[in-house]
Amino acid sequence: MSFSDFGLDKRLMSTIEHLGFNEPTDIQQQAIPVAMTGQDLIASSKTGSGKTLAFILPALQRLMKNRALSKRDPRVVILTPTRELAKQVFTQLRLFTAGTQFKAVLILGGENFNDQVKTLEKDPHFLVATPGRLADHLSKGHFYLNGLELLILDEADRMLDLGFSKELKLINKAADHRKRQTLMFSATLDHGQINDFALELLTKPKRIAIGAAH
Ligand code: ADP
Ligand code: MG
């Protein structure tokens with residue numbers, strides 16, 4: 001299988017070529033077509049297997065093809081458990097948004113709060129964030145999620161381990177389930193809380209588990 005089989009926008013294909021990626025990894029082969037149908041997805045595969053592109057590509061494809069629900073609200077929110085992971089996802093995302101009209105911003109705990117308020121006022125299309133700080137801005141009305149089209153939970157198992165379930169539920173509630181798609185990625189689906197959590201946040205999700213023992 002090759003990246004050209006997904007039917008991705010040529011701007012995305014050209015960045016993939018620049019990066020020198022010849023073929024999609026297993027998780028990308030399975031997750032990208034499902035995510036592109038608009039279905040919810042819960043997917044697991046080991047660290048280093050290419051999960052980031054498995055959600056970045058369908059997210060950008062969706063934005064490039066569909067009209068925005070709202071001019072002001074973010075269209076895609078990507079949550080990760082740590083600052084470091086958020087920065088890594090942001091770096092990969094920026095490779096694909098460069099040269100497009102899509103704006104992506106990084107909202108991390110421990111950084112200047114008021115600077116982030118100003119950044120949010122510029123109505124970015126993508127927020128890449130750690131849950132605590134994002135929930136804080138949301139509850140203070142610094143942005144809204146009425147126009148959210150895609151909620152992505154990266155390393156959901158670690159977010160639960162770090163005690164972010166309250167923040168994730170708050171963010172979930174602020175964005176209409178009927179309008180948005182939710183993609184949940186995890187290193188494992190065996191985690192005790194993951195399935196309960198998926199039941200609450202996802203709608204009839206497709207499950208993909210790469211390299212699982214069962
Ligand atoms: P994970 O989130 O599953 O831990 P990442 O998305 O961080 O994995 O990807 C791990 C590394 O593999 C990154 O350096 C990324 O650029 C690279 N990578 C991703 N997809 C491909 C691909 N299809 N071909 C080659 N390298 C890839
Ligand atoms: Mg990852």
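Me: Which helix gives the largest share of the shell around ligand 1?

Reply: Helices are DSSP runs of H or I with at least four residues, strands are runs of E with at least two, and both are numbered from the N terminus. Here helix 3 (residues 51-65) supplies the largest share of the ligand 1 shell, three residues. This is a predicted model, in which local features need pLDDT of at least 70, side-chain atom pairs count only at pLDDT 80 or more, and totals for chains, interfaces and linings use all residues. Residues are numbered from 1 along each chain as its sequence is written, while chains are lettered from A and ligands numbered from 1 in the order in which they are written.

Me: In what order do the strands of the open sheet lie?

Reply: Strands of a sheet pair through backbone hydrogen bonds, either parallel or antiparallel. Two strands count as paired if DSSP finds at least two bridges between them. In this model seven strands form an open sheet with parallel pairing, in the order 3-4-2-5-6-1-7. Its edges are strand 3 (104-107) and strand 7 (206-209), each pairing on one side only.

Me: How many bridges join strand 5 and strand 6?

Reply: Strand 5 (residues 150-153) and strand 6 (residues 181-186) are joined in the parallel sense by four bridges. Within this pair, L150 stands opposite Q181 of strand 6.

Me: Is N114 buried or exposed?

Reply: A residue is buried if 20 or more other C-beta atoms, placed from the backbone, lie within 10 Å of its own, exposed if 12 or fewer, and partly exposed in between. N114, in helix 5 (residues 113-121), is exposed because 7 other C-beta atoms lie within 10 Å.
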